[in-house]
Amino acid sequence: MRSLECRSSLRAAAVSLCFATVSIRGEESKFDWFNLDWFKPLTSSGEYSIEETYVGDASVRRGRHKVNDFDENNTILQFVSTPRISLGVLRLGLGWEHYAFGFPERTPLPNTFQSANLVLGIDKQFSDSILVRLEIDPGFYGTNSADSSQINVPFLAGGTYIYNPNVQLILGVSVDVERDYPVIPAAGIRWKLSRQWLLNAVLPTPRIEYETTKKVTVYAGANIKQTNFRVDEDFGNRHGIRKLNNAVLSYSEVRGGLGVDWKLASFATLSLEAGYQPYRSFDFYRADIRFHEDGSAPYGMISIHGAF
C-alpha cells in the first residue's frame, strides 16, 4: 500500500474544501455555472499517474494445452483529487486499466480485459503517529463490453504508524468478493536507512531505493498485481467451454526489475523500469480452469506521475 506512505507535510491535501457558488436574488436561487470557482477545490490538490508496460513473448500452460509466444500491453490512467474537509482528506477520482494480449486464435482466454472505476475514499489523521485510509473503487471490471454483471466494488482499508521520522509501519486489508480469497491482509515497513538509502517494503510494489541526486533515484523492486474481471456472457460458447460464460477471471502476475525516477518538476516524476516477469496466471477459479506460467519474459515500463 505504497500510497499510504507518510508524507510529513501532507502536501497533497493542503487546500480546504469550498462550497459551490450560488447566486441568490430575493426568493430566486440560481447556480452560477459560468463561475468556475465551485470547481477549483476539486482540482487545486491531487495526484495522477500515467503508465504503460510492455511484456515480451511468453507462454502459459493448462495440462497439455500450451499457449505460446504472446505479448502483453498494460496501460494505467488515474487521477485523484484530494480536497480537505473537517473529517480529513477526501480521495475523489477516476481510474482506468487496460490489458491487451496477443493470444493465438481459439485460445480460451480474453485478448482484452479492462477496468473503469471511481475512486472514493478518505485519509484521516488520528494523531501525530497514526494515519488511516478507507477507499472503495466501484466500477466495471470486464472485457470488451460493459454490463451490470461486471460491476464490482473492491475495498481497502489501511493505516500507517509513524514510529519515528525514519520508520513507518503499514498494515492493511484488501477486500474483493469476486476473488478466490475475498480478504487479503498485508503489512510492510518504510525505513529510511540513511540519507540516500530507503527500504520501501510495502505491497504491492516493494523496493529499495538509492537517491543519487535530489532529482534522480534508482531502485530495485517488484510489482505484484492481482485483479479480477468478468468475461462476456457468451465467452464460453465462443470457445467451446460453456461453463466459462460470464465467468470470473482472476489474473495475477509478478514483475521484478531495476528502475529510475527522475523528478522533472515538483508535480511530475518520470519513471523508467526494465526487468523480468517470472510469474503469471489466468485463473477461472470457479470453473476450475487455470493457465499458469510456462515461459517468462522481459518487460519495460514508462510512467509519469506526481502530486500537486
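This report walks through a predicted model, from the whole chain down to a few residues and ring pairs.

## Ground rules

The model is predicted, so local features need pLDDT of at least 70 and side-chain atom pairs count only at pLDDT 80 or more, while totals for chains, interfaces and linings use all residues. Residues are numbered from 1 along each chain as its sequence is written, and side-chain values use heavy atoms, with hydrogens and water left out.

## The chain as a whole

Let's start with the big picture. The chain holds 20 strands and one helix. Both kinds of element are DSSP runs numbered from the N terminus: helices are H or I with at least four residues, strands are E with at least two. Of the chain's 308 residues, 41% count as buried (buried is under 20% relative accessible area, exposed is over 50%, and partly exposed is in between, with a 1.4 Å probe and protein chains only).

A contact here is a pair of heavy atoms within 4.5 Å. Among the chain's contacts with a separation of 6 or more, 55% come from residues 24 or more positions apart. The accessible surface is about 16600 Å², and 60% of that belongs to carbon and sulfur atoms. Those areas come from the Shrake-Rupley method with a 1.4 Å probe, and for residues only the protein chains shown count as cover.

Phe126, Ile130, Tyr161, Tyr163 and Leu169 make a nonpolar surface patch of about 530 Å². To join a patch, a residue needs over 30% relative accessible area and no salt bridge; nonpolar side chains (Val, Leu, Ile, Met, Phe, Trp, Tyr) are joined within 5 Å, like charges within 9 Å. A salt bridge puts a side-chain nitrogen of Lys or Arg within 4 Å of a carboxyl oxygen of Asp or Glu.

## Strand β14 and its partners

Strands pair if DSSP finds at least two bridges between them. β14 runs antiparallel to strand β13 (residues 183-192), joined by four bridges, and a hairpin through four residues connects the two. Here Arg190 has Asn200 in β14 as its bridge partner.

β14 is also joined by four bridges to strand β15 (residues 207-211), again antiparallel. Five residues lie between β14 and β15 in their hairpin, and Leu198 has Glu209 in β15 as its bridge partner.

Glu209 turns up again among the contacts of Thr217, which also touches residues including Tyr210, Gly259 and Asp261. Thr217 is in strand β16 (residues 216-230) and counts as buried because its relative accessibility is 14%.

## Aromatic pairs

The whole structure has 18 aromatic pairs. Rings of Phe, Tyr and Trp (its six-membered ring) pair if their centres lie within 6.5 Å; planes under 30 degrees apart are stacked, over 60 edge-to-face, and the rest tilted. Phe79 and Phe308 are stacked, at 6.1 Å centre to centre with 20° between the planes. They link distant parts of the chain, 229 residues apart: Phe79 is in strand β4 (residues 65-81) and Phe308 in the segment after β20 (297-307).

Tyr99 and Tyr251 pair edge-to-face, at 5.2 Å centre to centre and 70° between the planes. Tyr99 is in strand β6 (residues 88-101) and Tyr251 in strand β17 (residues 248-265), so their pair ties together parts 152 residues apart in sequence. Both tyrosines, Tyr99 and Tyr251, are buried.

Conventions. Lists of a residue's contacts leave out its neighbours within four places in sequence.
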